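Welcome! Here are a few exercises to work through with the structure open beside you, each followed by a worked solution.

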Amino acid sequence: MAAPFTLRKIGVPPNSANLTEARRRVFDFFRAACRSLPTVMDIYNLQDVVAPSQLRFAISAQIRNNAHVTDPKALPLISVSLVIDLLLFKGMEELTDIVDHAKQRHHIIGQYVVGEGLVQNTGSKDQGKSDFLKNFYTSNYV
Amino acid sequence: MGVGILASRAIRPASRLLRSQPSNLLLRTIVSKPELQSPEAAAVSQPEPPKNQILPPRNPVGGARVHFTNPEDAIEVFVDGYAVKVPKGFTVLQACEVAGVDIPRFCYHSRLSIAGNCRMCLVEVEKSPKPVASCAMPALPGMKIKTDTPIAKKAREGVMEFLLMNHPLDCPICDQGGECDLQDQSMAFGSDRGRFTEMKRSVVDKNLGPLVKTVMTRCIQCTRCVRFASEVAGVQDLGMLGRGSGEEIGTYVEKLMTSELSGNVIDICPVGALTSKPFAFKARNWELKGTETIDVSDAVGSNIRVDSRGPEVMRIIPRLNEDINEEWISDKTRFSYDGLKRQRLSDPMIRDSDGRFKAVSWRDALAVVGDIIHQVKSDEIVGIAGQLSDAESMMVLKDFVNRMGSDNVWCEGTAVGVDADLRYSYLMNSSISGLENADVFLLVGTQPRVEAAMVNARICKTVRASNAKVAYIGPPADFNYDCKHLGTGPDTLKEIAEGRHPFCAALKNAKNPAIIVGAGLFNRTDKDAILAAVESIAQANNVVRPDWNGLNYLLLYAAQAAALDLGLIQQSAKALESAKFVYLMGADDVDVDKIPKDAFVVYQGHHGDKAVYRANVILPASAFTEKEGTYENTEGFTQQTVPAVPTVGDARDDWKIVRALSEVSGVNLPYNSIEGVRSRIKSVAPNLVHTDEREPAAFGPSLKPECKETMSTTPFKPVVENFYMTNAITRASKIMAQCSAVLLKK
């Protein structure tokens with residue numbers, strides 16, 4: 001991303017008018033993130049650890065996590081597009097941090113590389129188990 | 001102005017900026033006027049308080065209740081103008097305690113005889129020429145006691161000055177600092193300045209063993225330890241040698257304190273003369289967190305307070321419980337805490353094909369055990385609970401094993417044939433405090449000194465107070481009270497049962513006879529015959545009556561009473577030999593050779609003790625200081641331990657492990673929280689849910705069927721070989737190892 005500091009100086013872009021514009025912005029953000037992936041892999045030396053497709057999957061999973069934010073009736077006081085704008089702002093902030101090398105390799109690997117901690121992998125082992133057993137495996141004091 | 005003021009200005013330059021007053025004011029120093037220094041000023045009497053003044057109500061010290069043995073015999077005394085009614089034999093100090101006034105003392109202790117040699121308890125009594133020692137003076141009717149007059153205060157200051165004269169300046173290096181009676185009372189009652197300029201005396205230290213550290217220079221000769229050793233512990237080890245300032249407390253010869261109650265002198269000593277050797281220089285008392293819990297080293301269930309600093313147990317202190325252990329605990333209870341730090345199991349382990357253990361995760365360990373348990377037939381599954389197991393884990397174990405189709409679950413210490421139908425047949429029916437009312441004791445096959453030291457202390461107290469007679473049948477053992485050794489085996493018992501023994505006369509003439517049978521007899525093959533003989537003795541001598549039940553059984557392990565209440569009994573003798581899956585829940589005294597070579601053994605416990613070496617899977621559990629468990633003591637009193645420190649490593653609570661294992665094995669137990677387990681226990685043995693309550697046995701010996709067996713002639717064997725090494729924790733303890741090497745009588 002060119003001149004990230006100038007971007008910061010400009011300030012917050014105006015809010016999206018309606019849901020379609022918010023949707024367009026989400027896709028723009030996703031495109032920007034995917035385009036910055038080669039730089040990220042170069043900065044943090046992730047060539048042997050993970051493939052770009054996996055990182056793209058992780059980014060899209062994070063976005064899909066918040067896919068439930070669509071119902072205007074669920075948020076009576078704030079408009080849905082405002083919430084989406086805020087989530088986008090946070091996503092942009094995170095992306096800028098990563099591209100600026102403000103994070104470190106272990107952050108990227110721990111947060112975005114699909115591994116043991118993320119929800120996708122452990123679903124298979126713990127599906128049929130009760131809360132008691134899950135707490136038992138975690139610790140004595142849960 | 002003055003050199004002092006200039007000096008004080010130089011010492012505190014920074015405060016110049018903070019001082020709001022102008023600098024030409026005189027700094028006030030503490031001055032004393034000549035009028036106040038004269039002795040007459042101290043003797044000036046205070047103005048009388050106006051009569052008929054409504055005084056606020058007062059409560060006795062410590063919230064104590066006063067017990068009037070004869071309510072007609074109460075006398076009235078006046079303490080600081082406040083009228084109190086006290087029973088007839090009370091001393092002035094006790095009357096002041098009832099009135100809520102705590103009089104300072106060093107040598108007086110409510111459970112020991114009166115010495116009256118420290119003179120700190122001096123109070124002024126009207127019409128008495130000099131202040132009286134309130135601990136020794138009996139309260140007479142109409143006495144007017146004044147505790148806060150100048151005379152009393154001057155007396156206390158004087159006594160404190162004398163005590164501190166020869167006391168070394170050891171506070172920074174003394175372990176008693178922070179909990180020292182001398183420190184507290186000198187702050188409260190002593191004068192603020194000293195005038196001692198001579199040399200202090202010093203005394204050579206005595207060697208009392210690996211438990212009690214002595215620095216005899218600090219001793220103030222209160223003789224509490226001497227009185228304790230001779231009265232409560234029953235050993236005449238300590239004494240006072242010499243006279244005057246050359247007095248020394250010690251054993252006259254080079255003797256160690258071998259009594260099992262020797263650790264209590266550490267609590268009793270008001271100064272740092274006798275302190276705990278393992279605890280020396282380890283911690284100060286204000287950095288310790290005290291947790292009130294229960295001891296599990298024997299079946300007595302003494303109340304203790306576990307002092308911990310972070311994750312480590314630093315020391316164990318007794319708690320007051322009038323019914324069970326009064327204020328004392330045995331040495332094993334007090335000093336075995338360092339075994340909690342050694343040989344601890346912290347991760348689940350599975351034995352590899354090359355015979356070595358490999359640490360695995362809980363998932364894998366439970367999966368392995370769950371697989372194997374389904375490959376075994378139902379009656380080849382055996383579960384054995386250990387001597388330190390709590391009621392919750394034993395309930396879950398029994399439920400699990402039963403639901404797998406097996407009936408073979410028992411607690412170690414209960415041999416085949418012990419039936420738990422009638423509770424009187426395994427409890428101390430007269431209760432530990434009720435033993436004080438007995439006047440004749442018959443001990444059958446039990447050495448209470450090593451099996452349950454607090455019960456022994458209670459018998460000693462009864463013998464001393466009311467001259468009770470004690471007779472003993474069993475192997476030669478030593479007692480700290482006068483005890484007649486009648487015989488060594490069942491023959492003597494048969495003689496008494498048939499009325500041929502001379503002791504029968506003493507039994508018949510006794511008002512409250514007590515028979516104490518040791519649980520070690522439950523392991524004999526002729527157990528039924530022996531117990532039938534004991535019950536016939538009980539019947540012949542009117543031992544079991546509505547108002548007094550003297551037929552007592554002394555259990556050995558903390559888990560035994562609860563196990564028998566929950567029904568963990570051994571049904572068949574061949575269960576262990578034909579087992580293919582053995583689940584040992586802390587069971588270390590199981591004869592490992594009896595387990596077949598191809599059996600799969602799971603060991604769940606907190607120490608790597610004997611049985612671990614045979615195990616195939618190890619599941620780490622928590623020790624009694626780390627879990628909340630229900631324990632029932634030998635008299636049927638239910639108590640709960642409280643966790644004081646966190647569990648070690650990856651260990652879990654016992655009941656949680658069995659519950660998780662049951663879920664992995666596909667058995668659905670209907671509870672998954674500790675409240676659920678307790679409600680299950682409530683449906684089986686409701687007395688285990690009522691903590692801090694004693695549930696006496698409902699029925700007596702009249703319901704037992706006749707016994708047809710005959711007694712064998714093998715004499716009774718001692719049950720406890722080594723007092724200091726009886727369970728997994730004590731065997732792992734370095735202090736206990738030192739004790740057993742040095743203090744056991746050979």
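**Exercise 1: the largest cavity**

The lining of the largest cavity has five nonpolar, ten polar and five charged residues, where Ala, Val, Leu, Ile, Met, Phe, Trp, Tyr, Cys and Pro count as nonpolar, Asp, Glu, Lys and Arg as charged, and the others, Gly among them, as polar. This is a predicted model, in which local features need pLDDT of at least 70, side-chain atom pairs count only at pLDDT 80 or more, and totals for chains, interfaces and linings use all residues. Residues are numbered from 1 along each chain as its sequence is written, chains are lettered from A and ligands numbered from 1 in the order in which they are written, and side-chain values use heavy atoms, with hydrogens and water left out.

Task: find which residues lie nearest the centre of the largest cavity, and which element gives the most to its lining.

Solution. 
- Step 1. A cavity is a set of points on a 1 Å grid over the protein atoms alone where a 1.4 Å probe fits but cannot get out; lining residues have an atom within 4 Å of a point.
- Step 2. The largest cavity holds about 150 Å³ of space, the volume being the space filled by probe spheres set on the points, which are joined across faces, edges and corners.
- Step 3. Of its 20 lining residues, Leu388(B), Met585(B), Gly586(B), Gly605(B) and His606(B) lie nearest the centre.
- Step 4. S23(B) gives the most to the lining, with three residues; strands (E, at least two residues) and helices (H or I, at least four) are DSSP runs numbered from the N terminus.

**Exercise 2: the second largest cavity**

Task: work out how many nonpolar, polar and charged residues line the second largest cavity.

Solution. 
- Step 1. About 70 Å³ of space lies in this cavity.
- Step 2. Its lining includes Cys219(B), Cys222(B), Cys225(B) and Cys269(B), as well as Arg224(B).
- Step 3. Sorting by class gives ten nonpolar, no polar and one charged residues.

**Exercise 3: where the chains meet**

Task: describe the contact between chain B and chain A, and say which chain B residues lose the most area.

Solution. 
- Step 1. Chain B brings 18 residues and chain A twelve residues to the contact (heavy atoms within 4.5 Å).
- Step 2. The buried area is about 1300 Å², with carbon and sulfur atoms giving 55%; this is the accessible area (1.4 Å probe) that two parts lose on being put together, summed over both.

Notes: 1 Å grid on protein atoms, 1.4 Å probe; cavity = no way out; pocket = protein on both sides within 12 Å on 5 of 7 lines; lining within 4 Å.
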